[in-house]
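Biologist: I would like to learn how to read charged side chains in a model. Could you take me through it step by step?

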Amino acid sequence: MNKPLVGAFLAALLLGAGVAPAVAAEPAGSTSEVSAEAAPQTKYTAPDTVPAAKAVTFAGTVALSNCSGSVVRIPDAAPTDPALVLSNGHCMESGFPGPGEVVVDQPSSRTFTLLNASGSGVGTLKASKIAYGTMTDTDLSLYELTSTYQQIEDSYGIQALELETAHPTAGTAITVASGYWKRTYSCDIDGFVHQLKEGRWTWKDSVRYTPECQTIGGTSGSPVIDDATGKVVAVNNTGNESGQECTDNNPCEVDENGGVTVREGINYAQQTYNMVPCIGAGSKIDLSREGCALPKP
């Protein structure tokens, strides 16, 4: 499977224990090389002058029991603020939130393995609560940790990844960094989807990758990092595995006129710039803040 939307849940039932590891679409021992097959759309032409790309590493990413994630911060976060971990709404230990359901300030004792630049686990971080989670309009979860940004940096020498505050652009070179698999996937942003429908859920203004990013189960929740800035622009969440239309694990694109397009083998992410206005002082989620457009309970 491409993402653990259904497979991980079924595996958990079969194993009868908590949340099972995501099922990968290929053996764990496979290489991290990706296809160089050209995108079906017109290729993006890079400008003559582009910013020097920063090396994307695993530093600041985390591994969950069934997904990937990352320690993130808004640009003006204070060192003494509780740190936040970003992942998918469908990766929450409480299960998939239904359409229209929003989770806010739900107690959690979930743990995360923090990775260093080379992908080695250097410590365990612990959540105090799910600060926010939903699969409506987007697919994201934010965990508030018991550690501050400063405590994490002091203990492990690792800084949080910064969230981009602006809408990304097509043609941007990106890297999807999976803490679960300790693998990266490099490609470009191919474009944006008006509505992405998968089973019961609908997501808005989703990021579509060029074909080179062949993400697999367990990469759900991975940060999507702008290669030029090193900032997080989206959170990896799904892909069309078998060419079906709008079914679980087979999202379809719906345009402004209701037209449906299926792109078998193409993967997607949810933008994160729209989260930034919703995070206030002390890492508190405040859905009433000016500019915050995340779904409310």
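This is a predicted model: local features need pLDDT of at least 70, side-chain atom pairs count only at pLDDT 80 or more; totals for chains, interfaces and linings use all residues.

Biologist: What can side chains of opposite charge do when their charged atoms come close?

Modeller: In general, such side chains can pair when the charged atoms come close. In this structure the count comes to 10 salt bridges. One of them joins R208 and D190, whose closest N and O atoms are 2.9 Å apart. R208 lies in strand 11 (residues 201–209) and D190 in strand 10, so the pair ties together parts that are 18 residues apart in sequence. Both R208 and D190 are buried.

Biologist: How far apart are the closest N and O atoms of E253 and R263?

Modeller: They are 2.8 Å apart, and the two residues form a salt bridge. E253 is in strand 14 (residues 252–254), while R263 is in the loop between strand 15 (260–261) and strand 16. Because buried means under 20% relative accessible area, E253 counts as buried at 7%, whereas R263, at 22%, is partly exposed.

Biologist: Where is D105 found, and what is its phi?

Modeller: D105 is found in strand 4 (residues 102–107), and has a positive phi of about 50° although it is not a glycine. K182, in the loop between strand 9 (173–178) and strand 10 (183–198), likewise has a positive phi, of about 55°, without being a glycine.

Terms used:
Residues are numbered from 1 along each chain as its sequence is written. Side-chain values use heavy atoms; hydrogens and water are left out. Helices (H or I, at least four residues) and strands (E, at least two) are DSSP runs, numbered from the N terminus. A salt bridge is a side-chain nitrogen of Lys or Arg within 4 Å of a carboxyl oxygen of Asp or Glu. Buried means under 20% relative accessible area, exposed over 50%, partly exposed in between (1.4 Å probe, protein chains only).
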